Amino acid sequence: MSKPTVKPSRPFFSSGPCAKRPGWSLSGLDQALLGRSHRAPEGRARLREVITRSKDVLGIPSDWRVGIVPASDTGAVEMILWALAGERGIDVLSFESFSGTWAQDLRDILKIEDLRVLDAPYGKLPDLTKVDWTRDVVLTWNGTTSGVCIPDASAIPAEHEGLVICDATSAAFAMDLPWDRLDIVTWSWQKALGGEAAHGMVALSPRAAARLAQPSPRPLPKIFRLANKKGLIEAIFEGDTINTPSMLCVEDALDGLRWAEQIGGLPALKARSQQNLAAVTKWIATAGWVSFLSAEEETRSSTSICLKITAPWFENLSAEAKGKAVKHLTGLVAKEGAGYDLASYRDAPAGLRIWGGATVETADIEALLPWLDWAYEHTRAEFSA
């Protein structure tokens, strides 16, 4: 197979940190509040602007609290679990790497006795009909490492006794989130708007805020505390962060939010991501060697597009050899400068992962795909003998 002639203009397909918005440049950060305290009035104003613009773009209800927290989405999820877990029984949905981590945290670290883990292999969702919504429920809306997402809100009852805690890090700004059926939602800047890492966000419904205002069942480090003896620390939700944020990253987050508003907000972001998924779907229909990891069309993610190699020669390889073959394939593409960070997550089945969030241009994905075909043919010749 001859080498393709067209390369993506921006060959960046990492699932985190993700590609910057189209047209991004360092000049967009010229007004960053560098050398100033984040606790100065100007610093608080920038942080508050991230909060308010995030609420506006995502359509978060006005009575919800939104705050910026440390340690990306992982920090956001874990601060919630450490603060709340154990008040009542918990169901946790585990169907990929990060949701598996939340299950492990609850079982092995926090040692929650009344815990049910509803699990499923990569490419599938757990049986949502088995969830007990009288309990607290921990779920990941979109499996970043499996390419499987919850298809819609119908599985979650509008009225539920427990809190629904949703890790939405690769769903926020790309998918509809049912705010009327969720109670706590977390995400990070480094995903769908292409922000920088190390900062997370948490959104709390009034019910969740009331629960968090009560004493935690366990001691918490300062970096996890959303409440004190007086109750919820309201200043956190006005831009007074727990620890020192990077004001350069804050400016970059604002740049991404302003771009989202300029192109039409969440509907436009969703449409761009869906177009990226459609391009991959069209290619898979004729490629003959690759398929979606998610077998069900309605659960396929439009952001973390996870693929499996289905050619018989590949499926007959050992797990170790599969990993080497994928590394060889993605290495060929990267060496040509046609696409970077395309291998599946380290804990996932050996395969490919293409980030399809709104900051990625569909034309770049379309330019990438022939390079994958080309690299596949070279890899097959190398490994199928």
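In the predicted model, strands β10 and β11 (residues 304–309) run antiparallel and are joined by three bridges. Within this pairing, F292 is positioned opposite L307 of β11. The two strands belong to an open, three-stranded sheet with the order β10-β11-β12, in which the pairing is antiparallel. Because β10 (290–292) and β12 (352–355) are the edge strands and each has a single partner, one side of each remains without a neighbour in the sheet. On average, neighbouring strands of the sheet are turned by 30° against each other when direction is ignored.

Helix α9 (residues 362–383) lies across β11 and β12, and runs at about 165° to β12.

A helix–helix contact is formed by α2 (residues 72–84) and α3 (residues 97–109), the axes of which come within 11 Å and cross at roughly 35°. The crossing of α2 and α3 is right-handed. On the α2 side, the contact is made by D73, T74, V77, E78, L81 and W82, while α3 contributes W102, D105, L106 and I109. Classified by residue type, the contact of α2 with α3 comprises six nonpolar, one polar and three charged residues.

Conventions. Residues numbered from 1 in each chain as written. Predicted model: local features only at pLDDT ≥ 70, side-chain atom pairs only at ≥ 80, totals over all residues. Heavy atoms only, no water. Pairing = 2+ DSSP bridges. Helix = DSSP H or I, 4+ residues; strand = E, 2+ residues; numbered from the N terminus. Axes fitted to C-alpha atoms, helices over the stretch in contact; angles between N-to-C directions. Contact = heavy atoms within 4.5 Å. Left-handed = near helix turned anticlockwise from the far one by under 90°. Nonpolar A, V, L, I, M, F, W, Y, C, P; charged D, E, K, R; others polar.
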